[in-house]
Amino acid sequence: MTILDKIVEQKKKEVAAAKQLVSIAELEASPYFDRTPHSFKDFLLAPDRTGIIAEFKRRSPSKGIINDKVLVEDVTQAYATAGASALSVLTDEQFFGGAQKDVTAARKVNNIPILRKDFMIDEYQVLEAKAIGADVILLIAAILTPAEIKHLAAAAKSHGLSVLLEVHNLEELERSIDSNLDAIGVNNRNLADFTVSVENSFKLAEHIPDEFIKISESAISNTKVIKELKEAGFRGFLIGENFMRQADPGAAIREFVKGL
Ligand SMILES: O=C(O)c1ccccc1NCC(=O)[C@H](O)[C@H](O)COP(=O)(O)O
């Protein structure tokens, strides 16, 4: 069983439990439910921002604890002030040490798009994303069928949320394209064995249709590679560990953007 299988198995249990605890009517009663989300595309294409999607990530299956000493409000505000185009906040607790309340805490102090970073398998989680104040959801092709992607992307759109599809190879990309997607992210981390290679983004770039914003995800640790990715057509750069492993992730992003 791969780590991804384990995460999905756990996620199914969590979603079933959440449905018993919080009804859809209660999610819809959240003060954030009627909020108009920020457009992921608009912020990624804004010339005065960096294209960086800066991630708040306490730990991960591949690295264990990365940083559990910092506050989500402090780090995400520092990310936004440094020029991040969007924030990514992990809400998976078991494997990443995240929480849904982290998104709401980041929402209260930031005015740029927030990606609810989790393993989405059910429409209920899309409603949760809206209720906690997120603007963007992630759909991971490796764990979803084309029909599930279509359904979840349409559900997100109907609530004004942007949709980022994550792929790892050409087969996933070709079977998952859908008109309700806003952006396609190439994950440079193989989620089955955790090996990383930014080459994966360069390899898949030309296969991503132009109507979708191209995003490169994971293992981005220097500004030289961002310049090369931009030349290959990428407009978004999802960076977590490179900032979060520092005692002060805000200082780390400030230093990083000087090199762009
Ligand atoms: O990061 C992991 O170990 C991981 C393991 C299994 C599934 C997903 C995983 N990461 C999710 C991500 O996609 C990254 O958090 C994100 O792209 C940022 O990557 P990085 O800059 O390398 O922290």
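1. H151 counts as partly exposed because its relative accessibility is 44%, the class lying between buried (under 20% relative accessible area) and exposed (over 50%), with a 1.4 Å probe and protein chains only. The model is predicted: local features need pLDDT of at least 70, side-chain atom pairs count only at pLDDT 80 or more, and totals for chains, interfaces and linings use all residues. Residues are numbered from 1 along each chain as its sequence is written, and side-chain values use heavy atoms, leaving out hydrogens and water.

2. Helix α7 (residues 146-158) contains H151; helices (H or I, at least four residues) and strands (E, at least two) are DSSP runs numbered from the N terminus.

3. Helix α1 (residues 3-21) and helix α6 (residues 123-132) have axes that come within 10 Å and cross at roughly 65 degrees. Axes are lines fitted to C-alpha atoms, for helices over the stretch in contact, and angles run from 0 to 180 degrees between N-to-C directions. α1 is therefore roughly perpendicular to α6, a term for angles of 65 to 115 degrees.

4. From α1, K11, V15, A18 and K19 make the contact with Y124, Q125 and E128 of α6, where contact means heavy atoms within 4.5 Å.

5. Eight strands form a closed barrel in the order β1-β4-β5-β6-β7-β8-β9-β10, with parallel pairing; two strands pair if DSSP finds at least two bridges between them. Strand β1 (residues 52-56) pairs with strand β4 (residues 86-90) in the parallel sense over four bridges, and V89 in β4 is the bridge partner of F56.

Notes: Angles under 35 degrees count as roughly parallel, over 145 as roughly antiparallel, 65 to 115 as roughly perpendicular and the rest as oblique.
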